[in-house]
Amino acid sequence: MKIVSMVCPNCGASLQVDADQKKLTCSYCGNGLYVDDEVKHVQYDNAEETGYQFEKGRQRAQAEATRVQQQTFNMNFGKPPKKRKTWLWVLGWIFIFPVPLTILMLRNQKLSKPVKIGIIVAAWIVYLIIGLVGGGSGDNKDSSNANTETTTIEQPAYNSAANDSTAGSSESAIDSFIAEINKSEDISLEYVENFIPSDKEGGHYRTEFRLNAWKDSTGKSYKYGDSTVDIILSSSGEIQRIYMDGATLEQCENMIRYASSLLDSTATEADIQEAVDYIDEHKEANGYYYGKLGLLVLGHGDSSYEFMLKYGL
């Protein structure tokens, strides 16, 4: 007896059968099989019906695969969905919100017709009121701002005094400032020369003058005893800074006392006196502010001080 190994074509089970047997039954699924000697020729019971069902299933599977493939193609390469023009709705809500609101109300099927009409009418009334009030308040705001700019912009005190008689001339303004300073018994400034602060080759150049803020500035130099006084003017003629080199501590205090009120009309006598007292006590100042003025005093003893008084913080 010869044993042959074979596989059940119905359930896939491994079978050990006698080669002399011509017909056997699968011990796992009960399917009937025919064996032709040592050649694995397998014959189903009801083979015709089985083949028919197999072909039918194959065709159905092929049709299903084709349908799925077509659906996938349509999803990836078919006509794109229609885009909603969202930007139109955004513009509508921002600028003319009653328009999209009207459209939404007309499309709404849950609200009754009187309610929808009431909402639409109310929206348009509110929109018109906002437009009218906004336009009127804008005009008033513009005129109010113009008045504010005219009446609240503060100029250095020496400019105000000079403009009454000199029609805004920057040369006359600085001359007026010097004349006011020289009225005091403690200060006497003697004119030396004009200079350009941003000129690196000039004798009055300082490190900070490299900035563009000083590009259109001009300067005037004076003598105050043995010290040098440089006054920096903006393009409009306003005094931006006063420098002193080689000054005594007393000269620094005198410049604070007499120049402060001329540069800044908001600096009170108490503010100025506090600044003078601070210098007298500490013999220096770095980043000291009062009113709209900033102060720098560096040195030692009673002489060789570097001094800077600036307008505008």
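For the helix packing I looked up first, contact means heavy atoms within 4.5 Å, axes are lines fitted to C-alpha atoms, for helices over the stretch in contact, and angles run from 0 to 180 degrees between N-to-C directions. Helices (H or I, at least four residues) and strands (E, at least two) are DSSP runs, numbered from the N terminus. With these terms I noted that helix H8 (residues 269–282) lies across E9 and E10, and that H8 runs at about 165 degrees to E9.

Before going on, I recorded that this is a predicted model, in which local features need pLDDT of at least 70 and side-chain atom pairs count only at pLDDT 80 or more, while totals for chains, interfaces and linings use all residues. I also recorded that residues are numbered from 1 along each chain as its sequence is written, and that side-chain values use heavy atoms, with hydrogens and water left out.

**Entry: the chain as a whole**

I found 8 helices and 11 strands in the chain. Taking buried as under 20% relative accessible area, exposed as over 50% and partly exposed as in between (1.4 Å probe, protein chains only), I noted that 29% of the 313 residues count as buried. The accessible surface, from the Shrake-Rupley method with a 1.4 Å probe, comes to about 20,700 Å², and 53% of that area belongs to carbon and sulfur atoms. Among contacts with a separation of 6 or more, I saw that 42% are between residues 24 or more positions apart.

**Entry: the sheet**

I then asked in what order the strands of the open sheet are arranged. The sheet has 7 strands in the order E5-E6-E7-E8-E11-E10-E9, with antiparallel pairing, where two strands pair if DSSP finds at least two bridges between them. Strand E5 (190–195) and strand E9 (285–290) are the edge strands, each pairing on one side only. Neighbouring strands of this sheet are turned by 15 degrees against each other on average, direction ignored.

I followed the pairing strand by strand, and found that strand E6 (residues 218–224) and strand E7 (residues 227–233) are antiparallel over 7 bridges, with Lys223 opposite Thr228 in E7. Helix H7 (residues 249–263) packs on the sheet, where H7 touches E6, E7, strand E8 (239–247), E9, strand E10 (293–300) and strand E11 (303–311), and the direction of H7 makes about 170 degrees with that of E8.

At the E9 side I counted 5 bridges joining E9 to E10, which run antiparallel, and Tyr290 stands opposite Leu293 in E10. The hairpin of E9 and E10 has 2 residues between the strands, and Gly291 takes a positive phi near 60 degrees there. E10 in turn pairs with E11 in the antiparallel sense over 7 bridges, and I noted Met308 in E11 as the bridge partner of Leu296.

**Entry: salt bridges**

I looked up the salt bridges, defined as a side-chain nitrogen of Lys or Arg within 4 Å of a carboxyl oxygen of Asp or Glu, and the structure holds 4 of them. Arg206 forms one with Asp230, the closest N and O atoms being 3.6 Å apart. Because Arg206 lies in the loop between E5 and E6 and Asp230 in strand E7, the pair ties together parts that are 24 residues apart in sequence. Arg206 is buried, with a relative accessible area of 17%, and Asp230 also counts as buried, at 3% relative accessibility.

Arg206 forms a salt bridge with Asp245 too, at 2.8 Å between the closest N and O atoms. This pair links distant parts of the chain, with Arg206 in the loop between E5 and E6 and Asp245 in strand E8, 39 residues apart. I noted Asp245 as partly exposed, at 29% relative accessibility.

The side chains of Glu208 and Arg241 also meet in a salt bridge (3.7 Å, N to O). Here Glu208 sits in the loop between E5 and E6 and Arg241 in strand E8, so that the pair links distant parts of the chain, 33 residues apart. Glu208 counts as partly exposed at 25% relative accessibility, whereas Arg241 counts as buried at 17%. Salt bridges that share partners join Arg206, Asp230 and Asp245 into one network.

**Entry: a nonpolar patch**

Which residues make the nonpolar surface patch of about 580 Å²? I listed Ile117, Val121, Ile125, Ile129, Leu132 and Val133; patches are made of residues with over 30% relative accessible area and no salt bridge, like charges being joined within 9 Å and nonpolar side chains (Val, Leu, Ile, Met, Phe, Trp, Tyr) within 5 Å. Ile129 has its place in helix H4 (residues 113–152), and at 47% relative accessibility Ile129 counts as partly exposed.
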